[in-house]
Amino acid sequence: MRPEETLPSFLCVARRATVALALVLALTGHALAGGRDGTQSRAYAAYAKGDYVTAAALLIPLAWQGDAKAQGMVGYLYENGKGVPQDFVVAAQWYGCAAEQGDPTAQYLLGLAYDKGRGVPIDVVLSQKWLILAAARAGKQERDTFTRIRDAVATKMSRAQIAAAQEQAILWMPAPPYVPQPLWLNRPRSFTPF
């Protein structure tokens, strides 16, 4: 049985809605902030218009520069195959970079990736760790949804697993900006990352 099959159906729908909400909120905040000579604003505007190829072209260089929000967005583009080939491994890699820097949306999406086994092995302890951090660091609008999903994942866990996830979350410290080790270097030569 897949992990999402153990959750009530309304929570599976809530997951999809939450990802969309978190993405819109992340985009809105950064579009207002500008940054990197307007590249972020142009990237988010392209995404909002559905021009994912342009959004990816603008976001990927920012992600390689260590911009956590851009890294989370690039992860989302790869997870959903928007403007880039769908690749759960590359998506999880970008989510990991942004999550380690403290981006709550990326932490949430990485937690879901570990829960579902999308691009990473299924690991409820790591899933819970990232969901705990996401719920704790989220803004008002996302916090309730992140908390509900965190609690839903916890229902699949033993007390020892929950304690291990809580300990990992307590010990976690944000990392400085960094970029992923390119996994595609170990892939077949025909693989093109972007």
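Tutor: Before we start, a definition: buried means under 20% relative accessible area, exposed over 50%, and partly exposed in between, using a 1.4 Å probe and protein chains only.

Student: Good. So is Gln128 buried or exposed?

Tutor: Gln128 is buried, because its relative accessible area is 3%. Gln128 sits in helix α7 (residues 124-137); helices are DSSP runs of H or I with at least four residues, strands are runs of E with at least two, and both are numbered from the N terminus.

Student: And what is Gln128 in contact with, leaving aside its neighbours within four places in sequence?

Tutor: Arg150, Val153, Ala154, Met157 and Ala165. Contact here means heavy atoms within 4.5 Å.

Student: What sort of model is this?

Tutor: This is a predicted model, where local features need pLDDT of at least 70, side-chain atom pairs count only at pLDDT 80 or more, and totals for chains, interfaces and linings use all residues. Residues are numbered from 1 along each chain as its sequence is written, and side-chain values use heavy atoms, with hydrogens and water left out.

Student: What's the average pLDDT?

Tutor: The protein averages 81, and 74% of the residues score at least 70. pLDDT is the predictor's confidence in each residue, from 0 to 100.

Student: What span should α6 have?

Tutor: The 13 residues of α6 should span 18 Å, and its end C-alpha atoms are 18 Å apart, which agrees. The expected span is 1.5 Å times one less than the number of residues. After α6 comes Gly117, with a positive phi near 75°.

Student: New topic: what lines the second largest cavity?

Tutor: Glu79, Phe88, Ala91, Ala92, Tyr95, Ala113 and Arg118. Helix α5 (residues 88-100) gives the most to this lining, with four residues. On a 1 Å grid over the protein atoms alone, a cavity is a set of points where a 1.4 Å probe fits but cannot get out, and lining residues have an atom within 4 Å of a point.

Terms used. On a 1 Å grid over the protein atoms alone, a cavity is a set of points where a 1.4 Å probe fits but cannot get out, and a pocket is an open set with protein on both sides within 12 Å along at least five of seven lines; lining residues have an atom within 4 Å of a point.
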